[in-house]
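Dear colleague,

I am handing over the structure below, and my notes on it follow. Please read them with the model open beside you.

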Amino acid sequence: MGAYVKNVIDNLRSVLGELVEIREGLIRLIIPNLAKYTQGKRLEPRWAPVFYNPLTTTSRDLDTLVVEAYRNIYNPKARLCDLLSATGVRGLRYLVESRVERVTLNDVDERAYKLMKANALLNEVEDRVAIYNLDANLLLNILVRKRQRFDIIDIDPFGTPVPFIDSALRTVKDGGMLSVTATDLAPLLGVKSSACLRKYQALSMNTSFSREIAVRILMGYVCRQAAKYELAIIPAFSYSLSHVIRIHILVKRGATRANESLKRMGYVRYCRNCGYRDLVEEYPIVSSKACPRCPHETSIAGPLWVGSLWDSEFVDEVRQVYRERVYLHNKCLSNLLRTIYRESRAPPLYYSTKELSRILGVREVSPKELVKRLRNRGLFACRTHFDTKGFKTNAALDTINDLVLSIVEGDRRAA
């Protein structure tokens, strides 16, 4: 560490308190000492003067792969804006690991601004980084008035991304990528449905497959906002990890394309009595709530995105980037990418073995065994990354139920 950088970091201690140096991916990072911000044994990173959450490292690892995949396929000279940067960890990793040409970092908190500058110096990339200390929407509005747009805009807030979507859509280039995080899972998962209606103008639903519904609500919200500006969205890569929902979408200009995107809007119908579920490609209203399988009425969630959540070719490129990034290899990320690869080719809306056992009134079966039995019948089936007990299949619900009962009966006889 050079004398100048050391002096900059020493001066930060008067503002931020005790600091430590860590490594994440290929970058070095100065952050507040998180050991000072705990509740019992639980870390509370939001109490630190500048936010850094070590529990979302896997998410950032994955996103560096996604950004490099975009760069490989679409634009090797991509320029990126990390809109809500905090320590600058995301933007700096995109610069060093994903090899984007230039990164803009921004945070409204002056302490974060100073820390970002120190971290850029620490990694010797200050000549390829623009750093701002502005309200996020103000920054984007200033830049778009100057006709400065970005190939990639990353929105990673604490909570909902809704306040930043409009400005980002107007600032991303035609063919660019918008990467969006939501951590307000209670509204999106249907635990606080009124909050979801306020923020996303959509009905959420608390079910066994709520995580997929949540991703579709977020994507549907972005689709509707994009349509106002005659922009279309094309999903590239999506996932849900722990308390994070993340979507990466391409943005294309044109009223005709925007109209086509809106055709991928619709609703989820779910019967709480028999477990039937489907996606209805009808927007702005759904014509029927009747369950096609039993006399009960279905519950409705939406409007939301009913199209695919992934571009399977893009997922292939993400996996190829991962193969080349030996320093990132670990069991968690390998399993996640393998599961998403299979899921990107699967029908929508997953089932849960826990839910099936409840409806059928039998003990819970192994999802691994159930997927195996479905494949043995020549049907498509795979696990889902959304839920360890979840799976996706093109089998009819009656077929799934018959197999569950068959497994339970076989185990009973064997006992």
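Arg99 is placed in the loop between helix H3 (89-96) and strand S6 (102-106), where helices (H or I, at least four residues) and strands (E, at least two) are DSSP runs numbered from the N terminus. Although Arg99 is not a glycine, its phi is positive, at about 65 degrees, and with 42% relative accessibility the residue counts as partly exposed. The terms used here are buried for under 20% relative accessible area, exposed for over 50% and partly exposed for what lies in between, with a 1.4 Å probe and protein chains only.

Before going further, please note that this is a predicted model, in which local features need pLDDT of at least 70 and side-chain atom pairs count only at pLDDT 80 or more, while totals for chains, interfaces and linings use all residues. Residues are numbered from 1 along each chain as its sequence is written, and side-chain values use heavy atoms, with hydrogens and water left out.

A positive phi is also found at Ala86, near 55 degrees; this residue lies in the loop between S5 and helix H3 and is buried, with a relative accessible area of 14%. As background, most residues other than glycine have a negative phi, and most peptide bonds are trans. Against that background, the bond joining Tyr283 and Pro284 is cis, with omega about 15 degrees, and Pro284 sits in the loop between strand S13 (277-280) and S14. The peptide bond from Gly302 to Pro303 is cis as well, with omega near 5 degrees, and Pro303 belongs to strand S14.

Asp82, in strand S5 (residues 79-82), is buried yet without a salt bridge, the nearest side chain of opposite charge being that of Arg90, 5.7 Å away. A salt bridge here is a side-chain nitrogen of Lys or Arg within 4 Å of a carboxyl oxygen of Asp or Glu; Lys and Arg count as positive and Asp and Glu as negative, while His and the chain ends are not counted. Neighbours within four places in sequence aside, the contacts of Asp82 (heavy atoms within 4.5 Å) include Arg90, Thr104 and Asp154.

Turning to the aromatic residues, the structure holds 9 aromatic pairs, one of them formed by Phe237 and Tyr239, which is edge-to-face at 6.3 Å centre to centre and 70 degrees between the planes. Rings of Phe, Tyr and Trp (its six-membered ring) pair if their centres lie within 6.5 Å, and planes under 30 degrees apart count as stacked, over 60 as edge-to-face and the rest as tilted. The rings of Trp310 and Phe386 have centres 6.5 Å apart and planes at 50 degrees, so this pair is tilted. Trp310 lies in the loop between strand S14 (299-305) and helix H11 (312-324) and Phe386 in the loop between strand S16 (381-384) and strand S17 (387-393), so the pair ties together parts that are 76 residues apart in sequence. Trp310 and Phe386 also belong to one aromatic cluster with Phe209, Tyr270 and Tyr350.

Finally, the structure holds 0 disulfides, a disulfide being a pair of cysteine sulfur atoms within 2.5 Å. The sulfur of Cys332 is 18 Å from the closest cysteine sulfur, in Cys382, which is too far for a bond. Cys332 is partly exposed, with a relative accessible area of 45%, whereas Cys382 is buried, at 1%.
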